[in-house]
Amino acid sequence: MTKTRLIFAVTMALLGASMISSQAYAQGNSGEPGNKVGLIDMEEVFKNYKKFNVLQDELKADMEKSKGELEGSFKRLQAAERQLKDSTFKKDSDNYTALESRFTTEKAAFEAKVQNKDRQFKRRQAEIYKTIHGEVQDIVQVFATRKGYSLVMRFRRPKSLDSDPRSIAADLNSSVVFHRDADDITDIITSALNRHFDQTAGTAVKRDSKVRPVSGQKPATNRTPTRSRSNP
């Protein structure tokens, strides 16, 4: 899909959500055009974005499968260790040396396999976050441009029932002290992402676990966050 077609598709996806809340924006966010500030809770977006959850479920399934494979290797390693410990051969004998060599080889192979799998899954996890973050930025940029926002900031929605000390500390240290409901575009962006996912990529992701951005293009490697492109 070309960039022009992507922007058109995203714009159409946003149109439905923005029409529903257009009256609220007109009443609650009446700053001068080009000087509006929007807020987005990225944690909420990720948690409620269907594509992110699909990719996470696929990753977890592959990790469970890998765990089963590693258990087989671990059992072979344990067997080699027991055979070495139960051996009646003298430690300086050829037979003992052969058993010890087998155990050392099994141990090195198992540790290498574990490290390799760990790197693979961490890389996939990073790619998932990178891809989803890029898609959020793309849609936020389209929405902010259409609605006249000059700045979109990350924030954490207050959770009044949250008693976790870390969450309370995060709320106390938040850069956002006050905001109007109309400033929070989290639900609009999430709705647009899910609508676009349902229309264009809802089934493709399950057939192909390879991480892809919504647009079908490769994720940008030097993407500049929307919030740093302009000043409040």
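Predicted model: local features only at pLDDT ≥ 70, side-chain atom pairs only at ≥ 80, totals over all residues.
Local features need pLDDT of at least 70 and side-chain atom pairs count only at pLDDT 80 or more, while totals for chains, interfaces and linings use all residues. Residues are numbered from 1 along each chain as its sequence is written, and side-chain values use heavy atoms, with hydrogens and water left out.

The largest nonpolar core has 25 residues. Such a core is a set of buried Ala, Val, Leu, Ile, Met, Phe, Trp, Tyr and Cys residues joined through side-chain atoms within 4.5 Å; buried means under 20% relative accessible area, exposed over 50%, and partly exposed in between (1.4 Å probe, protein chains only). Helix 5 (94–147) is among the elements that supply at least two residues each, and helix 5 gives the most, with eight. Helices (H or I, at least four residues) are DSSP runs numbered from the N terminus. A second, separate core of eight residues includes Leu-70 and Phe-110.

Helix 7 has 15 residues and should span 21 Å at 1.5 Å a residue, which agrees with its end C-alpha atoms being 21 Å apart; the expected span is 1.5 Å times one less than the number of residues. Its buried residues include Ile-189 and Leu-193.

A salt bridge is a side-chain nitrogen of Lys or Arg within 4 Å of a carboxyl oxygen of Asp or Glu, and the count comes to nine. Asp-198 forms one with Lys-50, at 2.9 Å, linking helix 7 to helix 4 across 148 residues. Glu-135 and Lys-51 meet in another, at 2.7 Å. Glu-135 counts as buried because its relative accessibility is 3%, and Lys-51 counts as buried at 2%.
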